[in-house]
Amino acid sequence: MNSKFVRIWSSHLPYRSQVDLYENLYLKAIIDSYYHIDKRKGKEEKIRDRFYYDLTHRNPLTKKWCDLELLDIRFEKWKMDTDKNKSRVDLSFFWSGFSYFEIECKLLFQQPSKNEAYFNDGLIRFINLKYAEKNEYAGMLGFVVSGDIETIRDKILSRTKTFYPSASPIQSNFINWKYIFISHHLKKDKRNIRIYHLFFQFTEKDN
């Protein structure tokens, strides 16, 4: 996209930077949606779909922009890794003039061994360039379906500190949500990426 056009276009937006857009629109919208969606346990993709539907059909932060076709939210956005292999990211947000913001979702459990997928089948995909290949920001959503959310968040945070870390420290408590932190990692192409980790409880039983 022409850089002059981007500057003019960006100057008329309510969000002045990638971080501003990601933190004050995308992440706050996800948190808002959580308060309105079904809290029952379910498969990863089923819970993901509840967020997607609410973000695009009700959420006051995102629906208006989606209706104007300025904001594009997608689930299972596919990409070709090679001429034979493809992968898909769980959620993606896109606003013209800004990079894609891609999010991977994972179920989390009381038993720590069950949560290895958060790293080895989730976070690693940002490290090895399967997701957010050209981007410096991305997200992880942890759906806690058994156990204490605070304990699980703390264990994930501790493990994250040693998972392909960059020199930047872990950050937390930067927006109005208790179960969140930011980590910084070194991708295999030696570039840094900032990952926003948000955790949500889904432990209500079916009636």
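Buried means under 20% relative accessible area, exposed over 50%, and partly exposed in between, with a 1.4 Å probe and protein chains only. The model is predicted: local features need pLDDT of at least 70, side-chain atom pairs count only at pLDDT 80 or more, and totals for chains, interfaces and linings use all residues. Residues are numbered from 1 along each chain as its sequence is written, and side-chain values use heavy atoms, with hydrogens and water left out.

**View 1**
Helices (H or I, at least four residues) and strands (E, at least two) are DSSP runs, numbered from the N terminus. Helix α3 covers residues 44–57, 14 residues in total. From its first C-alpha to its last, α3 reaches 20 Å. That is close to the 20 Å expected at 1.5 Å a residue, where the expected span is 1.5 Å times one less than the number of residues. Buried in α3 are Glu44, Ile47, Arg48, Arg50, Phe51, Asp54, Leu55 and Thr56.

**View 2. The whole chain.**
The chain holds 6 helices and 7 strands. Their order from the N terminus is α-α-α-α-β-β-β-α-β-α-β-β-β. Of the 207 residues, 46% are buried. Contact means heavy atoms within 4.5 Å. Among contacts between residues at least 6 apart in sequence, 61% join residues at least 24 apart.

**View 3. Helix α6 and its buried face.**
Helix α6 has 12 residues, 149–160. Its end C-alpha atoms are 16 Å apart, which agrees with the 16 Å that it should span at 1.5 Å a residue. The buried residues of α6 are Ile149, Ile152, Arg153, Ile156, Leu157 and Thr160. Seen down the helix axis, they fall within an arc of 135 degrees, so they line one face of α6. The arc is that of the directions from the helix axis to the C-beta atoms. These buried residues pack against β3 (101–108), α5 (116–127), β4 (137–144), β6 (180–186) and β7 (192–201).

**View 4. The crossing of α5 and α6.**
The two axes come within 10 Å and cross at roughly 50 degrees. Axes are lines fitted to C-alpha atoms, for helices over the stretch in contact, and angles run from 0 to 180 degrees between N-to-C directions. The helices α5 and α6 are therefore oblique to each other. Angles under 35 degrees count as roughly parallel, over 145 as roughly antiparallel, 65 to 115 as roughly perpendicular, and the rest as oblique. α5 contributes Glu116, Tyr118, Phe119, Asn120 and Leu123 to the contact. From α6 come Ile156, Arg159 and Thr160.

**View 5. Glutamate 69, a loop residue with positive phi.**
Glutamate 69 lies in the loop between α4 (63–67) and β1 (71–80). Its phi is positive, about 60 degrees, although the residue is not a glycine. Glutamate 69 counts as exposed, at 70% relative accessibility.

**View 6. Alanine 132, in the loop between α5 and β4.**
Alanine 132 is a residue other than glycine with a positive phi, near 50 degrees. At 3% relative accessibility, alanine 132 counts as buried.

**View 7. Lysine 188, in the loop between β6 and β7.**
Lysine 188 is exposed, with a relative accessible area of 57%. Lysine 188 and asparagine 128 are 60 residues apart in sequence. In space, their C-alpha atoms are 5.7 Å apart. Not counting residues up to four places away in sequence, lysine 188 touches Ile127, Asn128 and Leu129.
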